[in-house]
Amino acid sequence: MEAAIKMFKALSDETRLRIYLLLLRGELCVCELVNILNIEQSRISHSVRILKEAGLVVNRREGKWIIYAVNPKTEKNRIIQILRNELKLPKQDLQNIAKCKTEKIRKKFKCS
């Protein structure tokens, strides 16, 4: 039950929920999240840390970048499946993620 409580607490914040929904669409680094959400880097990093502590997000290093992704161990969770199917990202987030991928923000900003 403790794991479920941690998960609900982590996803109870709008920013963290948006980040998680973005990560359900694919891996992203902090600089991409900053550009997509138009939120300062420190707030993104804090939110990602909380998601990671709740076991919802994992990360890996790729050269200079730390890439974040949904934890495959929790991705099959029924609650996560409901989130994936029922919650939609704001239109602006969807436009920004498409722009981020087109402009190759990760390479452009040489994220670390």
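Predicted model: local features only at pLDDT ≥ 70, side-chain atom pairs only at ≥ 80, totals over all residues.
Now for E3's other partner. Strand E2 is also antiparallel to E3, and 6 bridges join the two. Arg 61 has Ile 66 in E3 as its bridge partner. E2 and E3 make a hairpin with 2 residues between them, and Gly 63 in the turn has a positive phi of about 65°.

Put together, that's an open sheet of 3 strands in the order E1-E3-E2, with antiparallel pairing. E1 (28-29) and E2 (57-62) are the edge strands, each pairing on one side only.

| Pair | Bridges | Direction |
|---|---|---|
| E2 and E3 | 6 bridges | antiparallel |

What lies across the strands? That would be helix H2 (residues 14-25), which lies across E1, E2 and E3. H2 runs at about 90° to E3.

As for burial, E3 is mostly covered, with 5 of its 6 residues buried. Helix H3 (residues 30-37) is mostly covered too: 6 of its 8 residues are buried. Which ones are the buried residues of H3? They are Val 30, Cys 31, Glu 32, Leu 33, Ile 36 and Leu 37, so a Glu is on the list along with Cys, Val, Leu and Ile.

Definitions and conventions:
Residues numbered from 1 in each chain as written. Heavy atoms only, no water. Pairing = 2+ DSSP bridges. Helix = DSSP H or I, 4+ residues; strand = E, 2+ residues; numbered from the N terminus. Contact = heavy atoms within 4.5 Å. Axes fitted to C-alpha atoms, helices over the stretch in contact; angles between N-to-C directions. Buried < 20%, exposed > 50% of the residue type's maximum accessible area, 1.4 Å probe, protein only.
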